[in-house]
Amino acid sequence: MDFQFISPRKNALVYLVKIVTGVLITWYGLRALGLQEPYWALISLIIVTEPDVNLAKANFRARLINTLNGCVVACLALVVLGPGFLSLLVALATSVLVAMLLQNYPANWRLGPATVVILMSAAIGGKGLHQELQYALLRVGEVIAGSTVALLQSLAYSYALKRLAPPPN
């Protein structure tokens, strides 16, 4: 059997190690703080993880901006319009407009509207406004935690590479 179609991409091992160690740090760290299912933190860690510090910083910034966009718009829609499909549509459209109208908005703008759908779909289930707003803030915290772990890993990786590199002649 021919396996020539299988060949590791550049930095494959770096991605693997950083994602696995980042997931372990994030999962057990947030569980120790009382968060039983920190899935958003893990997703954010994966989205932000990069070997290159500049790319990791850009991903961190984009993830934060998109999550804040989605959470703010979803929370405002819940407060003003209440939970429901029409409210979800209005919030979704608003989140897309925010991304499309602001200069220098991150290229992966779809994370903002996706955040709206995730947060508002839980509200449609009828768990109550207070609980949904609390849920939204918790998710922002998770995103910040996972993204921060990924960014710190990139900084540590970059620092380690510089320290291990042979001195210039």
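Predicted model: local features only at pLDDT ≥ 70, side-chain atom pairs only at ≥ 80, totals over all residues.
**Stop 1: the ends of helix 3.** Start by selecting residues 53-81, the 29 residues of helix 3. From first C-alpha to last, the helix reaches 41 Å, close to the 42 Å expected at 1.5 Å a residue. Now show the side chain of Asp 52: at the start of the helix, one of its oxygens comes to within 3.0 Å of the backbone nitrogen of Asn 54. Then jump to the other end, where Gly 82 follows helix 3 with a positive phi, near 80°.

**Stop 2: two cysteines.** Next, select Cys 71 and Cys 75. How far apart are the sulfurs of Cys 75 and Cys 71? They are separated by 6.0 Å, too far for a bond, because a disulfide needs the two sulfur atoms within 2.5 Å. A search of the whole structure likewise finds zero disulfides. Both cysteines are buried: Cys 71 has a relative accessibility of 5%, and Cys 75 has a relative accessible area of 16%.

**Last stop: Ala 136.** Finally, centre the view on Ala 136. Apart from neighbours within four places in sequence, Ala 136 is in contact with Leu 119 and with both cysteines from the second stop, Cys 71 and Cys 75.

Key:
Residues numbered from 1 in each chain as written. Heavy atoms only, no water. Buried < 20%, exposed > 50% of the residue type's maximum accessible area, 1.4 Å probe, protein only. Helix = DSSP H or I, 4+ residues; strand = E, 2+ residues; numbered from the N terminus. Expected span 1.5 Å × (residues − 1). Polar contact = N/O pair within 3.5 Å; in protein donor to acceptor, adjacent residues only side chain to side chain. Contact = heavy atoms within 4.5 Å.
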